[in-house]
Amino acid sequence: MNTVQLNDINLAYIDRGAGPVVLLVHGFPLDHSMWDAQIDAISAEHRVIAPDLRGYGESALGDVDDAVGVPLERYADDLASLLNALHITEPVCYVGFSMGGYIGWQFWRRHRDHVAALVMCDTRAVADNDEGRAMRLKMAAHVAEWGAGKVAEAMEPKLFAESTRKERPELVAETRRVITSTNVRAIAAAQLGMAARVDSTELLTDINVPTLVIVGEHDVLSTRDEMSGIAEKIPGAKFVEIAGAGHMTPVEDPAAVTKALLDFLRGL
Ligand code: MLT
C-alpha cells in the first residue's frame, strides 16, 4: 500500500490504474480489502483509490479523544485531504459501503466539488434510533475489554446472508480475520462517530450528480426497502439489488457488484 502524511495521521491507500478516479470507501470495522475484487476489475479502466480510514487497516488513528471518537465529518475531511495530497482536482466517483456511505453524505455536504458521481452501497440515510445508539455506546465503552474478536462474532450474522455463511465460510472467515485484527480504539471511535451522526434524508432530493444505489436482497442492516426509498428520493438514481446477498454485497457477490459499478461508470 502507499502511505501519505495528512495532518495528524499517516494514511494508507491503494492507488491503482489510470483514468477517471473512483474512490472506494470501506465499512465498519473493516479496511480497503473488502473491495479487493472491485479494485482488480475497475482499475483496468479507472484510477482506483481505496484508503484505509483512520484507525483501520494500516492507517494510524491519530489524535483522537476517546470520549468523542471520530465524527463522520472528520473521516470525510481525511478523504478530501487525501485527494488534495494526490493532486486529484477532477471530481471523482465516490463509492461508499455502509459506514463509508454515512461518510459519503458528509463528503457530499462538505466537499461536493470533489464529487462527479455517487454510489451508495448497503448504507442508510437516517440517524440511529435510541436502541441502535445505545448499542453503539455500549460497544464503545466495552470493546477494549471484550476484544475485537467478540465484535466479529456479534456482527457476523448481520453482515452475511445465511446462505453465504453456510456455503462460503471462507468469505466469512476472511472478514472475521480483518475485524479481529482491528484496533479496538478505532472501533470505539467509529461507534461514537456513527452514534452521533445526523439524519441525512433531507440531502437526498438535492443530489444532482449521477447516483447508483446498491443493496443486498437479504441485507438486515440497511434493508432493501430502506435503500429503494433512498434511490426514489435522489433524482434519477439507479437502483440495483444483488440477489442472494446480505449486507456485504461487494464480498458476497463481487462479480455482480463489479458489473453494477462498471455499467454505471461506463454510462457517466
Ligand atoms: C458497516 O458495515 O459499516 C456497519 O455495519 C455500519 C453500521 O454499524 O451501521
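Predicted model: local features only at pLDDT ≥ 70, side-chain atom pairs only at ≥ 80, totals over all residues.
Residues are numbered from 1 along each chain as its sequence is written, and side-chain values use heavy atoms, with hydrogens and water left out. Local features need pLDDT of at least 70 and side-chain atom pairs count only at pLDDT 80 or more, while totals for chains, interfaces and linings use all residues.

**Ligand site**

| Residue | Protein atom | Distance to a ligand oxygen atom |
|---|---|---|
| F28 | backbone N or O | 2.7 Å |
| Y102 | side-chain N or O | 2.6 Å |
| R136 | polar side-chain atom | 2.7 Å |

The protein covers 92% of the 270 Å² of accessible area that the ligand has on its own. Areas come from the Shrake-Rupley method with a 1.4 Å probe; for residues, only the protein chains shown count as cover.

**Pockets**

Pockets and cavities are found on a 1 Å grid over the protein atoms alone. A cavity is a set of points where a 1.4 Å probe fits but cannot get out. A pocket is an open set with protein on both sides within 12 Å along at least five of seven lines. Lining residues have an atom within 4 Å of a point. Grid points are joined across faces, edges and corners, and a volume is the space filled by probe spheres set on the points.

The ligand takes up the space of the largest pocket; that assignment requires more than half of its atoms to lie within 2 Å of the grid points. The volume of this pocket is about 710 Å³. Its lining has 25 residues, with M135, R136, K158, Q191 and L221 nearest the centre. They divide into 13 nonpolar, five polar and seven charged. At least two lining residues come from each of α3 (99-111), α4 (130-146), α5 (148-159) and α8 (184-195). Helices (H or I, at least four residues) and strands (E, at least two) are DSSP runs, numbered from the N terminus.

The second largest pocket holds about 230 Å³. It has 16 lining residues; S33, M34, E174, T175 and V251 lie nearest its centre. Two or more come from each of α1 (36-42), α7 (169-180) and α10 (249-252). The largest share, four residues, is from α7.

**Cavity**

One cavity of 30 Å³ or more turns up in the whole structure. The largest cavity has a volume of about 40 Å³. Its lining is L72, Y102, W105, Q106, R124, A125, R197, V198 and S200. Helix α3 gives the largest share, three residues.

**Backbone features**

Most residues other than glycine have a negative phi, and most peptide bonds are trans. F28 and P29 are joined by a cis peptide bond, with omega about -15 degrees. P29 sits in the loop between β3 (21-25) and α1. H87 is not a glycine, yet has a positive phi of about 60 degrees. Its place is the loop between α2 (72-85) and β5 (92-97).

Definitions and conventions: Polar contact = N/O pair within 3.5 Å; in protein donor to acceptor, adjacent residues only side chain to side chain. Nonpolar A, V, L, I, M, F, W, Y, C, P; charged D, E, K, R; others polar.
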